[in-house]
Amino acid sequence: MKIGLLGTGFAIAHAGVYAARPDTEVVVFGRSPEKLAVFAEKFGFATTTDVGEIYADPAVDLVDVCLPTALHKEHVLRALAAGKHVLCELPIAPSVAEAEEICRAAEASEKQLFIDMFMRVHPAVRHLHSVIADGSLGELKTLRTYRKAGPIWGPVNLGLEQLALEVMLSDLDYIVAALGLPSSVQARGVSAGPDRAAAETILGYDHTVVEFTATSMVPASYGVTHGFEAAFTGGVLQLHETPYDPAGPAMRVTEYTPAGQRDIALAPLDNYAAAIGHVLDCLTTGTKDNLLTPQTATDTLRLALDIHQQLTDR
């Protein structure tokens, strides 16, 4: 399958996934020849500074949009109009209005649009979703989730203005996937300068309360940790993961019931590789996607923007 990869920033993560697969051919678009040279030298990919070449190439099956969020709508719509399938990075758009326009274009197209809501393919999240759905531990009453992210990718701005959309979004997405949109939202944040912040968010549902702690105030040496503690009427399911530990990714999923404690055997995986693999599998088999849809990504965006407003309304 031939892929047109748009962008030379976060696109490097997607490029590594494609390079490890024998069934893909990639051409990368970027504006900087110097940045494009990295993709050519590291992965052997073809490159171009003319995005029109990708849209005009009949051999390109999938356009992967890893451009800044403000450019998502323009290029998703252009790719669909050119008869290409599309994978778009989170968030789907900077506003609900643009997200809804993207949804309408996708509904009118014969091609598929996938939004890279990668936590939905996370093995522990999929297990959580199945336990909620099948009721094997009873009714979910509380869900405590957390994400602590240090600047392991270099100096990036993750202050209060960015926290909801850059740090919290992927975890909010798996909450929305399981429970839908909440009936109430309360969010409070603190700042540690222009680039670092933390927030506590309470999401209210009819029979469940969700608490989400997010922080970018930890140092790079701390890395990234995330997890959840889901308390059901019949037990507790707990995840703790350090995906970027120098010793390698580590994940522990534990179930606690009146019968005792047991570890759930789930291996950590590369979420980006799993999400891209899901996309390519759908396209290869002709399967209609019901996991990474723009409609569900728009619901998550609504919630994230609500939290963003509360965190920045000073």
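**Close-up views of a predicted model**

**View 1. Helix α1 and its buried face.** The buried residues of helix α1 (residues 11-19) are Ala11, His14, Ala15, Val17 and Tyr18. Seen down the axis of α1, these buried residues fall within an arc of 160°, so they line one face of the helix. An α-helix has 3.6 residues a turn, so residues three or four places apart point the same way. The elements that cover the buried residues of α1 include strands β1 (2-6), β2 (25-29), β4 (60-65) and β5 (85-88), together with helices α2 (33-43) and α8. The model shown here and in the other views is predicted.

**View 2. Ala19 in helix α1.** Ala19 also lies in helix α1. Beyond its neighbours within four places in sequence, Ala19 is in contact with Phe43 and Phe45. The C-alpha atoms of Ala19 and Gly44 are separated by 8.4 Å, and these two residues are 25 residues apart along the chain.

**View 3. The six-stranded parallel sheet.** Six strands form an open sheet in the order β3-β2-β1-β4-β5-β6, with parallel pairing. Its edge strands are β3 (46-48) and β6 (113-115), each of which pairs on one side only. From one strand to the next, the twist averages 20°. Within this view, β4 and β5 pair in the parallel sense over 4 bridges. Val65 has Cys88 as its bridge partner in β5.

View 4. Eight strands form an open sheet with mixed pairing, in the order β8-β9-β10-β7-β11-β12-β13-β14. The edge strands, β8 (184-191) and β14, each pair on one side only. The twist averages 10° from one strand to the next. Helix α9 (residues 294-312) packs on the sheet and touches β8 and β9. The direction of helix α9 makes about 50° with that of β8.

**View 5. The hairpin of β13 and β14.** Strand β13 (residues 250-257) and strand β14 (residues 260-264) pair in the antiparallel sense over 5 bridges. A hairpin joins β13 to β14 through 2 residues. Among the bridge partners in β14, Asp263 is that of Thr254, and Arg262 is that of Glu255. Strands of a sheet pair through backbone hydrogen bonds, either parallel or antiparallel.

View 6. Asp270 lies in the loop between β14 and α8. Its relative accessible area is 42%, and Asp270 is therefore partly exposed. A polar atom of the Asp270 side chain lies 3.0 Å from the backbone nitrogen of Ala273.

**View 7. Asn271 in helix α8.** Asn271 lies in helix α8 (residues 271-285). Asn271 counts as buried because its relative accessibility is 12%. Leaving aside neighbours within four places in sequence, Asn271 is in contact with Phe118, Met119, Val121 and His122. Helix α8, which holds Asn271, is also among the elements that cover the buried residues of α1.

**View 8. Thr208 in the loop between β9 and β10.** Thr208 lies in the loop between β9 (197-204) and β10 (209-215). Its relative accessibility is 9%, so Thr208 counts as buried. The side chain of Thr208 reaches the backbone oxygen of Leu140 at 2.9 Å. Apart from its neighbours within four places in sequence, Thr208 is in contact with Leu140, Lys141, Thr142, Leu179 and Leu203.

**View 9. The largest nonpolar core and Ile307.** The largest nonpolar core has 95 residues, and those with the most contacts inside it are Leu5, Leu6, Tyr18, Phe228, Leu237 and Ile307. Helix α7 (residues 160-179) supplies the largest share of this core, 10 residues. Tyr18, listed here for its contacts in the core, is one of the buried residues of helix α1. Setting aside neighbours within four places in sequence, Ile307 is in contact with Ala164, Met168, Leu172, Val185, Ala187 and Thr201.

Terms used: Residues numbered from 1 in each chain as written. Predicted model: local features only at pLDDT ≥ 70, side-chain atom pairs only at ≥ 80, totals over all residues. Heavy atoms only, no water. Core = buried A, V, L, I, M, F, W, Y, C linked by side-chain atoms within 4.5 Å. Buried < 20%, exposed > 50% of the residue type's maximum accessible area, 1.4 Å probe, protein only. Contact = heavy atoms within 4.5 Å. Arc of directions from axis to C-beta. Polar contact = N/O pair within 3.5 Å; in protein donor to acceptor, adjacent residues only side chain to side chain. Pairing = 2+ DSSP bridges. Axes fitted to C-alpha atoms, helices over the stretch in contact; angles between N-to-C directions.
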